[in-house]
Amino acid sequence: TFMMKKDCFYDNWEQFKSEFDKDIFTAKSRYSEREFIFRGQGSSDFKLTSTFDREFPQLNGKSKEDEANKLLEIFEEECDYYIPELKSMDKFEELAFARHHGLPTRLLDWSYSIYIAAFFAFSSSYVRGYDGDIAIYALNIKAPIISETCGVNIIQPRSSTNYRQKYQQSLYTLLKTYHNSLDEYIEEYERGCNSSANEPVLYKLHLPGCEASKALIDLNYMNVNYSVLFGDADGYVQNTMIRYILNK
């Protein structure tokens, strides 16, 4: 059976920086082709589950889609007077905009930058005081099973109306199958797969959460921080808290 998911473990931040490309990329050209997208999570125990599915785990199938649409309709009503530019967005632009401002949606955020993904993983665990492993996922979006035909849409709305999406180099997956998470979808596919492909679809990169302070200071020198990635007062406040904790 072909292994569609692979775990990679790193002892520290420096090892990760020096080795992740060799673990994921088999040829230099593949990085420039943007074959992989990345997502960071503050605990390696977390699944690749959208915020909507985490908030409403009791829903499934058509009811999940219906309720997600109702939530978006209420959001539209709330924004009608205050954010008139929402009317010019298509559905996925609107969903991405709402997601970046905290509305639970069925979109799962990813980034073209592995360092942006690392930042979100480490900052989340650091603020919570978590010292277990964090995880950075690398998903091969050119793999045949990551396609609309198979039920996994890759969504990349225009970013001109969503500066957070632009700053974070964001795009999104939308899982339209009956599975509860993207991990579950790939794992089930793996069990019944006789593919001749020779590399995984999903990499899970594990790093110790205790490396957070080193990583966050390093990432700040790369200009990867909340102030830059959010570009607004929310980001400035969150980065203030990170700096405050680091200084202590």
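A crossing of two helices is left-handed if the near helix is turned anticlockwise from the far one by less than a right angle. The term is used in the first legend below; the model shown is predicted.

**Figure 1. Packing of helix α6 (residues 114–128) against helix α9 (residues 212–221).** The axes of α6 and α9 lie 9 Å apart and form an angle of about 135°. That angle makes α6 oblique to α9, since angles over 145 degrees would count as roughly antiparallel and those from 65 to 115 as roughly perpendicular. The crossing of the helices α6 and α9 is left-handed. On the α6 side, the contact is made by Y115, A118, F119, F122, S123 and Y126. On the α9 side, A212, S213, A215, L216 and L219 take part. By class, the residues of this contact between α6 and α9 comprise nine nonpolar, two polar and no charged.

**Figure 2. Strand β4 (residues 133–140) and its pairing with strands β2 and β7.** Strand β2 (residues 36–41) pairs with β4 in the antiparallel sense, over six bridges. In this pairing, N140 of β4 is the bridge partner of F36. Strand β7 (residues 202–208) also pairs with β4 in the antiparallel sense, here over seven bridges. Y203 in β7 stands opposite A138. Of the eight residues of β4, seven are buried, so the strand is largely enclosed by the rest of the structure.

Figure 3. Leaving aside residues up to four places away in sequence, S170 touches H100, W110, S111, Q156, R164 and Q165.

**Figure 4. Q169, a residue other than glycine with a positive phi.** Phi of Q169 is near 50°. Q169 is found in the loop between α7 (163–167) and β6. With a relative accessibility of 34%, Q169 counts as partly exposed.

**Figure 5. N223, with a positive phi although it is not a glycine.** The phi value of N223 is about 70°. N223 has its place in the loop between α9 and α10 (226–230). The relative accessible area of N223 is 48%, so this residue is partly exposed; exposed would require over 50%.

Note on methods
Residues are numbered from 1 along each chain as its sequence is written. This is a predicted model: local features need pLDDT of at least 70, side-chain atom pairs count only at pLDDT 80 or more; totals for chains, interfaces and linings use all residues. Side-chain values use heavy atoms; hydrogens and water are left out. Buried means under 20% relative accessible area, exposed over 50%, partly exposed in between (1.4 Å probe, protein chains only). Helices (H or I, at least four residues) and strands (E, at least two) are DSSP runs, numbered from the N terminus. Two strands pair if DSSP finds at least two bridges between them. Contact means heavy atoms within 4.5 Å. Axes are lines fitted to C-alpha atoms, for helices over the stretch in contact, and angles run from 0 to 180 degrees between N-to-C directions. Angles under 35 degrees count as roughly parallel, over 145 as roughly antiparallel, 65 to 115 as roughly perpendicular and the rest as oblique. Ala, Val, Leu, Ile, Met, Phe, Trp, Tyr, Cys and Pro count as nonpolar, Asp, Glu, Lys and Arg as charged, and the others, Gly among them, as polar.
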